[in-house]
Amino acid sequence: METVVSGIRSTGNLHLGNYFGAIKNFLRMQDENKCYFFVADYHSLTTHPTPENLMNGVRQVIIEYLACGLDPEKCTLYVQSDVPQVTELYLLLNMNAYVGELERCTSFKEKIRKHPENINAGLLTYPTLMAADILLHRANKVPVGKDQEQHLEMTRTFGNRFNRMYNTEYFAEPTAFNFGTQLVKVPGLDGSGKMGKSEGEGNAIFLNDIEQVITKKIMRAVTDSGPTEPNQPKPEAIQNIFTIMKLVSKADTLEHFENAYNNCTIRYGDMKKQLAQDMNHFVAPFRERIWELQSNNAYIRSVIKMGKEKALESATKTVKEVREIVGFREI
Ligand code: ADP
Ligand code: TRP
């Protein structure tokens, strides 16, 4: 049995990238492993939400986790800030996290490029807080999408450094995990890059999008004027539509459009219409469950309470042992 940890920031609704990159693996892992899945609300503070937005964001991610099929009886489903022990571990790890290595982190450099007006220390130390999330439960498997690979590498660095420094084998080496052999990157609808909630309007399909919105987003997805010679490699924007189609359409539908592309008879309008139909079919059950759960406050509160209790148990134990190792002992 593995110990599994993963989280999603509470900065917006869940999208197809979150589902295929992370949650689909959560669902398979929760049956056989000790799983801790959480809403990363401390992490979301880097972008300065209002108190209302913070609270609503947390509630929404819990609802959407449940709508995806996470079972709070099987896994520990909790809110990061309900377990403040993580902040102590974060502080301790920060003492051995070097500014140079944090500055070299790709996600930090991205943030500097996109939001030069808000480069706060929380962003710089984002990977240490993420390492603390994982090491807090001494996890060895972390189901995440491809974009998180470097953060996992840093988690291993911080855990190993702690072990070396205190001459212990306390922390296991956590690895990014996907049931397929490869980590997943779901592309966005805007022609390049990954699907993400902060990538701009129309780039992501959310699990609670209504039918008309889904259709509109897909019909507007970036394409080109079509292939002019048979069997050519696909430009990125076109490959992206095929990649998304592979996730939600039947194999023979995909094959039909692959053949049409290869013999230059493809009409992207037709392909998008088909994709919109299949996407709506895929998203509808999630959307319905999300809407159902919205009104069930008592249930949501009970899920959060149960998760908090279970997560605190593991976190308290780890932090107590870590304090002992570091030298906070009775004198
Ligand atoms: P976002 O990138 O939309 O802000 P998060 O950063 O909170 O979402 O990501 C939560 C989880 O979802 C992580 O495991 C991340 O790797 C995964 N994820 C997010 N976007 C994608 C994507 N486009 N493809 C694959 N996995 C993704
Ligand atoms: N950094 C992750 C993301 O942006 C979210 C996250 C925070 C996380 N802590 C984690 C993922 C711990 C896995 C494990 O997607």
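Predicted model: local features only at pLDDT ≥ 70, side-chain atom pairs only at ≥ 80, totals over all residues.
Residues are numbered from 1 along each chain as its sequence is written, chains are lettered from A and ligands numbered from 1 in the order in which they are written, and side-chain values use heavy atoms, with hydrogens and water left out.

**View 1. The shell of residues around ligand 2.**
Ligand 2 is surrounded by S6, G7, R9, F38, H43, Y126, M130, D133, I134, V142, V144 and Q148, where a residue is near a molecule if one of its heavy atoms lies within 4 Å of it. These residues divide into six nonpolar, four polar and two charged (Ala, Val, Leu, Ile, Met, Phe, Trp, Tyr, Cys and Pro count as nonpolar, Asp, Glu, Lys and Arg as charged, and the others, Gly among them, as polar). Strand 1 (3-9) and helix 8 (126-135) are the elements that give two or more residues to the shell, and helix 8 gives the most, with four residues; helices (H or I, at least four residues) and strands (E, at least two) are DSSP runs, numbered from the N terminus.

**View 2. Polar contacts of ligand 2.**
A polar contact is a pair of N or O atoms within 3.5 Å; within protein, one must be able to donate a hydrogen and the other to accept it, and residues adjacent in sequence count only if both atoms are side-chain atoms. A nitrogen atom of ligand 2 lies 2.7 Å from an N or O atom in the side chain of D133, and a nitrogen atom of the ligand is 3.1 Å from a polar side-chain atom of Q148. An oxygen atom of ligand 2 is found 3.3 Å from an N or O atom in the side chain of R9. Of the 360 Å² of accessible area that ligand 2 has on its own, the protein covers 91% (accessible areas come from the Shrake-Rupley method with a 1.4 Å probe, and for residues only the protein chains shown count as cover).

**View 3. The site of ligand 1.**
Ligand 1 is surrounded by 18 residues, the closest being R9, H15, G145, D147 and V186; the shell divides into six nonpolar, seven polar and five charged residues. Strand 1 and helix 1 (16-29) each supply at least two residues of this shell, and the largest share, four residues, comes from helix 1.

I210, V213 and W291 form a nonpolar patch on the surface, with about 260 Å² of accessible area together; patches are made of residues with over 30% relative accessible area and no salt bridge, like charges being joined within 9 Å and nonpolar side chains (Val, Leu, Ile, Met, Phe, Trp, Tyr) within 5 Å. V213 is found in helix 10 (residues 211-219) and is partly exposed, with a relative accessible area of 31%, where buried means under 20% relative accessible area, exposed over 50%, and partly exposed in between (1.4 Å probe, protein chains only). K217 also lies in helix 10, but counts as buried at 12% relative accessibility.

D209, buried at 9% relative accessibility, forms a salt bridge with K217, the closest N and O atoms being 2.7 Å apart. K141 forms a salt bridge with E2, with 3.9 Å between the closest N and O atoms, and this pair links distant parts of the chain, K141 being in strand 4 and E2 in the segment before strand 1, 139 residues apart.

**View 4. Two residues with positive phi.**
R138, which is not a glycine, has a positive phi of about 50 degrees and is found in the loop between helix 8 and strand 4 (141-143). N231, in the loop between helix 10 and helix 11 (236-248), has a positive phi near 55 degrees and counts as exposed at 57% relative accessibility.

Note on methods: Salt bridge = Lys/Arg side-chain N within 4 Å of Asp/Glu carboxyl O.
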